[in-house]
Amino acid sequence: MLTASIVALSLVVPLAVFEPAWPKEIEQARSAPKPSKCDRSQFRVILDVGHTVEASGAISARNVPEYDFNLRLATHLEQSLIEDGFNKTVLLVTGGRARPSLFKRAAKANGLSANLLVSIHHDSVPDSLMESWEFEGKESHFSDRFTGHSIFVSYENPQLDRSLLFGRLLGNELKDRGLQYARQYTQPIMGRYQRELVDREAGVYRFDQLIVLRKTQMPAVLFEAGSIINREEELVMNSAERLDLISTSLKAAVRTFCNLTSPILRARTGNSATRSSAR
């Protein structure tokens with residue numbers, strides 16, 4: 001969850017400017033896929049389980065730690081990708097306090113020679129937007145005002161072009177299956193949590209300071225799967241139907257992303273590591 005743990009997740013760094021990924025070529029790849037160039041057995045996806053047991057992230061409207069939602073969804077996604085032939089998929093689980101665990105997970109990810117990292121989270125809202133209610137005899141907090149998923153990229157990631165590419169692929173797959181992304185991050189009411197929306201169709205936001213994105217060497221996105229502070233959406237996020245819908249969307253996005261990882265794509269994106277070191 002971004003809004004409740006921004007201090008632990010972020011560092012203050014200069015911003016960089018990049019050209020976005022190319023949406024026309026993305027649509028062509030999704031609508032009329034060519035014979036696959038992707039060797040799924042060699043393509044490694046890291047599914048990073050957001051937060052830890054000790055620092056469990058947001059608390060849902062019914063007092064369930066975000067970490068429980070993250071682990072459940074990430075485990076479901078892992079199984080789905082492996083069944084689809086992505087046998088090298090890794091479920092990344094870390095422990096410890098919030099900030100040290102972020103650097104730990106980035107270091108672990110960088111040691112796995114992965115092609116893609118997806119950090120799994122579930123969303124909340126700033127404390128100022130919450131209301132109180134009683135659940136099972138305990139005072140709890142909720143906000144039914146906002147709903148939906150969000151995708152974040154860091155412009156400090158050394159492979160920004162590919163991060164944006166995957167973010168758009170995932171966002172469009174979710175959209176095609178009827179899911180709407182969260183709009184509140186563009187609103188002034190979010191205060192310091194307000195973010196730049198870099199793709200209005202796919203729901204991709206810019207958040208440069210996320211350690212798990214900017215400290216990893218592979219393309220990386222952070223995926224807020226839904227709002228667990230919204231009482232209705234919290235229940236939906238626990239359903240088998242929503243887990244399956246998200247896993248189907250992610251599989252489709254990974255397939256297309258893997259297929260696009262070709263010499264032609266590498267030539268188009270250029271040497272991201274060189275651009276990063278030049279800043």
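Guide: A residue counts as exposed when its relative accessible area is over 50%, and as buried when that area is under 20%. The model discussed here is a predicted one.

Visitor: Why is Glu136 called exposed?

Guide: The relative accessible area of Glu136 is 74%, and the term applies to values over 50%. Glu136 is therefore exposed. This residue belongs to the loop between strand E4 (131-135) and strand E5 (138-142).

Visitor: What makes the phi of Glu136 worth a remark?

Guide: Most residues other than glycine have a negative phi. Glu136 is not a glycine, yet its phi is positive, at about 50 degrees. Ser113 also has a positive phi, near 50 degrees, and is likewise a residue other than glycine.

Visitor: Where is Ser113 found, and how do you know whether Ser113 is buried or exposed?

Guide: Ser113 sits in the loop between helix H4 (98-110) and strand E3 (116-123). Its relative accessibility is 65%, to be set against the limit of over 50%. Ser113 therefore counts as exposed.

Visitor: How much of the protein chain do buried residues make up?

Guide: Of the 279 residues in the protein chain, 56% are buried. The chain has 10 helices and 9 strands. Among contacts with a separation of 6 or more, 79% are between residues 24 or more positions apart.

Visitor: How do you know that Leu164 is buried?

Guide: Leu164 has a relative accessible area of 1%, while the limit is under 20%, so Leu164 is buried. Leu164 is part of helix H5. Its C-alpha atom is 6.7 Å from that of Val153, a residue 11 residues apart from Leu164 along the chain.

Visitor: Why is Leu197 called buried?

Guide: The value for Leu197 is 14%, and buried means under 20%. Leu197 is therefore buried. Leu197 lies in strand E7 (residues 196-199). Leaving aside residues up to four places away in sequence, Leu197 touches Tyr181, Thr186, Gly203, Val204 and Tyr205. Between Leu197 and Arg183, 14 residues apart in sequence, the C-alpha to C-alpha distance is 9.0 Å.

Visitor: Which residues in H5 meet residues in H8?

Guide: From H5 these are Arg162, Leu165, Phe166, Leu169, Leu170, Glu173 and Leu174; their partners in H8 include Ile246, Leu250, Val254 and Phe257. The residues of this contact divide into 12 nonpolar, 2 polar and 2 charged.

Visitor: Why is H3 called oblique to H8?

Guide: The axes of helix H3 (residues 66-83) and H8 come within 9 Å, with a crossing angle of roughly 50 degrees. Roughly parallel would need under 35 degrees, and roughly perpendicular 65 to 115. H3 is therefore oblique to H8. The crossing of H3 and H8 is right-handed. In H3, Arg72, Leu73, His76, Leu77, Ser80 and Leu81 meet residues in H8, including Leu243, Asp244 and Lys251. This contact divides into 7 nonpolar, 3 polar and 3 charged residues.

Visitor: How many aromatic pairs does a search of the whole structure find?

Guide: The search finds 10 aromatic pairs. One of them joins Trp133 and Phe142, with 6.0 Å centre to centre and 70 degrees between the planes. Planes over 60 degrees apart count as edge-to-face, and the pair of Trp133 and Phe142 is edge-to-face. Phe142 counts as buried, because its relative accessibility is 6%, against a limit of under 20%.

Visitor: Why is the pair of Phe152 and Tyr205 called stacked?

Guide: The ring centres of Phe152 and Tyr205 are 5.5 Å apart and the planes are at 25 degrees. Stacked requires planes under 30 degrees apart, so the pair is stacked.

Visitor: What makes this a pair that ties together parts apart in sequence?

Guide: Phe152 belongs to strand E6 (residues 150-153) and Tyr205 to strand E8 (residues 204-206), so the pair ties together parts that are 53 residues apart in sequence. Phe152 and Tyr205 are both buried. They also belong to a cluster, linked by ring pairs, that holds Phe152, Tyr181, Tyr185, Tyr205 and Phe207.

How values were computed. Residues numbered from 1 in each chain as written. Predicted model: local features only at pLDDT ≥ 70, side-chain atom pairs only at ≥ 80, totals over all residues. Heavy atoms only, no water. Contact = heavy atoms within 4.5 Å. Helix = DSSP H or I, 4+ residues; strand = E, 2+ residues; numbered from the N terminus. Nonpolar A, V, L, I, M, F, W, Y, C, P; charged D, E, K, R; others polar. Phe/Tyr/Trp six-rings, centres within 6.5 Å; stacked < 30°, edge-to-face > 60°. Buried < 20%, exposed > 50% of the residue type's maximum accessible area, 1.4 Å probe, protein only. Axes fitted to C-alpha atoms, helices over the stretch in contact; angles between N-to-C directions. Parallel < 35°, antiparallel > 145°, perpendicular 65-115°, else oblique. Left-handed = near helix turned anticlockwise from the far one by under 90°.
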